[in-house]
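The following exercises concern one protein chain. Please inspect its sequence and structure before reading the solutions.

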Amino acid sequence: MRLAGGPSNRFRHSLRFKLAGLVVSITVVAILAAWFLSNNLIKNFYILDARSNLITTYESCNALFKDSMGFPRPFLISSGELYERVDNPSNATIFIIDYRNNQLYSSVVINDAEAESLQKVIDDFDFSSLRNADPKYKFLNWDGSFDLVGLLDNGYVIILERPLEQLNNSILFSSRLFLIVAIVIISLETGVILIFSNTVTKPIIRMSHVARKMSRMDFEAKAPETSNDEIGELGHSMNELSTKLEQSISELKSANASLAQDIEEKEKIEEMRSEFLSHVSHELKTPLALIQGYAEGLKDAVQDDPESREFYCDVIVDEASKMNTLIMRLLNLNELEFGTEKLNIARYDLSKQLKNVIANNRILMDQKQVKLETEFSDNLFVWADAFMMEEVFTNYLSNAIHYVEEGGVIRVTAEKRENNVRVSVYNKGPRLSDEALEKVFIKFYKEDAARTREYGGSGIGLSIVEAIQKSHGQDYGVYNAEDGVVFYYELDGSAGSSDEKVYKNTPITVDGDKE
């Protein structure tokens, strides 16, 4: 399903955008969680750090007031030594007080107000509790400062003061730095994810296009299999699916086509069976009726009249002969259609065959005062079953004699066409209708049934022609000329020995339709 909207809308719904959004969202949540935790922990961290630094400064000051043997002794030192000899990592303000001698050692210059404040701390704090304590100091969180108050080993009072403003500035700086770093990380991560997601989603997009083509039964496109990861395996599986689906559809179509053909053939066979029975019963009904009628007349009315009795007998014999001819031709057609009659292929002179058949039908042509024209050369050799081909030409010529106009023209031609020879039989007379041109080779088809009955035609002759031509694998047909009709058939006219000619006597379809 294609996403609606423009490129921006498609991008918002794309896998790249979703993947980048998911990763960035997780990162943002993680950073916010870290920032929240850090805001709650960073102050404690700085206080712990401040305590550690103040302890370092305290121990450094305590060491300052010890002799070379490590024993505590009162010393007179200058304020400058508090900078030079004391380790003060937190840069705390140092106050060391010898209250017995009223001596103050300070790392800064103080005014009267600061001196009063310092005196107040000394007055309010109970130093006696620290004399035997370990350690000998405590931490106090005054307004505006974080202090260490205690006693040195020599009994001096020490106050280390670190302003909370400095601590708060450090906390604020760290928070801002954390936020800036988070923004930079998110920005870089978004760009990297978009680039990386493009690499990851590109083959997936191609697979989507391939799947869309597969849904339209187009199996030419293939999914990429370049990578060795899950996407490559997916592409390989899609290609295998495409191949197997194409094969399955092809097999299904073949099976459907075969089934449809079987059903069609079954319907044709059933239709032909019904049609065959109908035609045969119709063709036999008339001669049987005549035989029955004349036999009854012979029995009842003409026993004493020899001339009438002979006429009745001649009619009965003639109709029985027609029935026998019809049955024999049907059997012959059946053998041709189902391939039970084998072909005897040999090389023979077609021109002699045409001349012989024409000579045998000369009397019928003379009766209708037909003008015969022939156009074929002598020694016209072809490969075929000579007996069957004689029947083909005989059927065409008989058909032409029956339908030619009185005193009309019949023209027989044989011409070479590459490796074949085409024989055409033209008769001047009425042209065939379009329906007749399509059905003239179908068994029992008669465009003019009355006229066909008049000359004794059964409607099988042209069906026999069709079956013979199909068994030889050669062309045949009919078409209207300017003032008549032309029937034609072809034979194999190629050169070669008889060993080179192989014809399969395959079954012929019995529906009568031309291939």
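**Exercise 1.** In which helix is Thr57 found? Determine also whether Thr57 is buried or exposed, and list its contacts.

*Solution.* This is a predicted model, in which local features need pLDDT of at least 70, side-chain atom pairs count only at pLDDT 80 or more, and totals for chains, interfaces and linings use all residues. Residues are numbered from 1 along each chain as its sequence is written, and side-chain values use heavy atoms, with hydrogens and water left out.

Step 1. Thr57 lies in helix H2, residues 15-64. Helices (H or I, at least four residues) and strands (E, at least two) are DSSP runs numbered from the N terminus.

Step 2. Thr57 counts as buried because its relative accessibility is 0%. Buried means under 20% relative accessible area, exposed over 50%, and partly exposed in between (1.4 Å probe, protein chains only).

Step 3. Contact means heavy atoms within 4.5 Å. Apart from neighbours within four places in sequence, Thr57 contacts Val86, Asp87, Asn88, Pro89, Ile94 and Leu160.

**Exercise 2.** Identify the residues that touch the most other members of the largest nonpolar core.

*Solution.* Step 1. A nonpolar core is a set of buried Ala, Val, Leu, Ile, Met, Phe, Trp, Tyr and Cys residues joined through side-chain atoms within 4.5 Å.

Step 2. The largest such core has 45 residues, and Leu350, Phe393, Ile410 and Tyr489 touch the most other members. Helix H10 (residues 386-403) gives the most to this core, with 8 residues.

Step 3. A second, separate core has 21 residues, among them Ala50, Tyr58, Tyr105 and Leu160.
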